[in-house]
Amino acid sequence: MRTVPELLAHGVGGRQDLPIPFAYAVTGAALALVISFVVLGAFWREPRLGDAEAGRPLPDRAARLVDSAGWQWILRILGLVFAGYFAIGLFFGPDVDRNPTAGLFYVLFWVGLVPASLLFGPVWRALNPLRTAYLLAAALLRRDPRRGPLALPSRLGYWPAALGLLAFVWLELVAPDRATVPVIRTWLVAYALLMLVGAAVFGVGFFDRGDAFEVYSDLVGRLAVVGRRDDGVLVWRNPLEGMSGLAPAPGLTAVVVVLLGSTLFDSLSNAPAWFRFVQNTQLPAVLTNTVGMLVLIGLVLAAYGLTCLIAAKLAPGVRPADVAAEIAHCIVPIAVGYVLAHYYSLLVLEGQRTVALLSDPLATGDANWLGTADWSVSAALVTPTGVAMLQVTLIVLGHLLGTVLSHDRALVLFPGRSAIAAQVPLLVLMVGYTIAGLLLLFAG
């Protein structure tokens, strides 16, 4: 079987590229969180986030355009066009290095979905070709797309999306021959069938919490400066307002823990020590990596659960389950910051290469459909020192935003003076995640 080379390394900068010693960078990051905790406790004494009417409405003309059926169908058709172009290489292109399928799926789509959602909100909901295909099928069959034979159980929550994300990160990080076209094609066909069956059974609302990529885009998109309030009005807003408005639901904690834990494992799996461990063990590499990924996700979850338990003990009358559900949204900016830090160089470098390959989706070697075949990869935006500093900054910024969100929610969740005491375990968790993230990111 042909072997496809691994995608470019996710990190270009290393700890030796930082303008200060790595130990100072870690210490400074931890101190930044501690100082922010003290400042918030002194000057942020009343809840300020979560106002249902927060934000400044967009101009009427812009709001009408975005909400119009015509604009929505333009985006849906655009999503179908992109999916159709992707399907050329996926179903008809040979399994060779110059087939753009792997780069398009793992880099431009999966990694690129984060900055796209930060800028424009939950873009995948508007573009998702599976949602559009279901809507078209429902129209042809003259059935209400919002209804299915069964009602969507509220207790199902985000669990389908959490399982879908776990399946995807296993494919991305562990599966044998994961960069080959047949493996990607098999996974995507199975995933598409599951999503369409779910929509057929429960209605189009199944995509909102069942489609892993829609949920991922929605969570990240809540940090966008343009968003939709609960009453449906489009507004300019403080990004923290959007994240604070994320309602607790079953499976939400699992989604954010899988996002953070899997990205941490991606860093671990690139470390020389992990390479040596996998090579020296007698177990198959796929089993070792699968167990390693699940263990690291489990450790992230265990640290989160223990923190919520201790916080609840310090605030009489509050259950640990309530704490876990109410502060799950605080992990999202942490995961986003880490994803951006970890995959920045991959997106810039391998993204350029993939765009060049897209002009030849059949990988014939002589096509130039989009006029990008002659593009060369530029590393101007990927200097070692610049990447190293950006990675530290993004990780610390994500944790600072998480600290602000957890502080504001604690003022609502915990009674009286216990709000500050109960936040101490949360601060320790944030510091622990920060140190672990930096150590794993710069493990090489």
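Let's start at helix H11. At its start, a side-chain oxygen of Asp211 comes to within 2.9 Å of the backbone nitrogen of Phe213. Helices here are DSSP runs of H or I, at least four residues; strands are runs of E, at least two; numbering goes from the N terminus.

A word on the source. This is a predicted model, where local features need pLDDT of at least 70 and side-chain atom pairs count only at pLDDT 80 or more, while totals for chains, interfaces and linings use all residues. Residues are numbered from 1 along each chain as its sequence is written, and side-chain values use heavy atoms, with hydrogens and water left out.

Confidence next. pLDDT is the predictor's confidence in each residue, from 0 to 100. The chain's mean is 92, and 96% of residues reach 70 or more. Over residues 1–9, pLDDT is below 50; beyond near neighbours in sequence, that stretch has 20 contacts in the model. Contact means heavy atoms within 4.5 Å.

Back to H11, residues 212–221. It is mostly covered: 10 of its 10 residues are buried. Buried means under 20% relative accessible area, exposed over 50%, partly exposed in between, with a 1.4 Å probe and protein chains only. Among the buried residues are Glu214 and Asp218, along with Phe213 and Tyr216.

Now the whole chain. It has 19 helices and 3 strands. Its radius of gyration is 22 Å, close to the 22 Å that the globule rule gives for 444 residues, so it is as compact as a globular protein of that length. That radius is taken over C-alpha atoms; the rule is 2.2 Å times the number of residues to the power 0.38. Of the 444 residues, 49% count as buried.

What about the core? The largest nonpolar core has 122 residues, and Phe105 and Phe414 have the most contacts inside it. Helix H19, residues 418–441, gives the largest share, 11 residues. A nonpolar core is a set of buried Ala, Val, Leu, Ile, Met, Phe, Trp, Tyr and Cys residues joined through side-chain atoms within 4.5 Å.

Last stop: Ser359. Where does Ser359 sit? In the loop between helix H17 (331–357) and helix H18 (384–413). Ser359 is buried, with a relative accessible area of 0%. Its side chain makes a polar contact of 2.9 Å with that of Thr372. Such a contact is a pair of N or O atoms within 3.5 Å; within protein, one must be able to donate a hydrogen and the other to accept it, and residues adjacent in sequence count only if both atoms are side-chain atoms.
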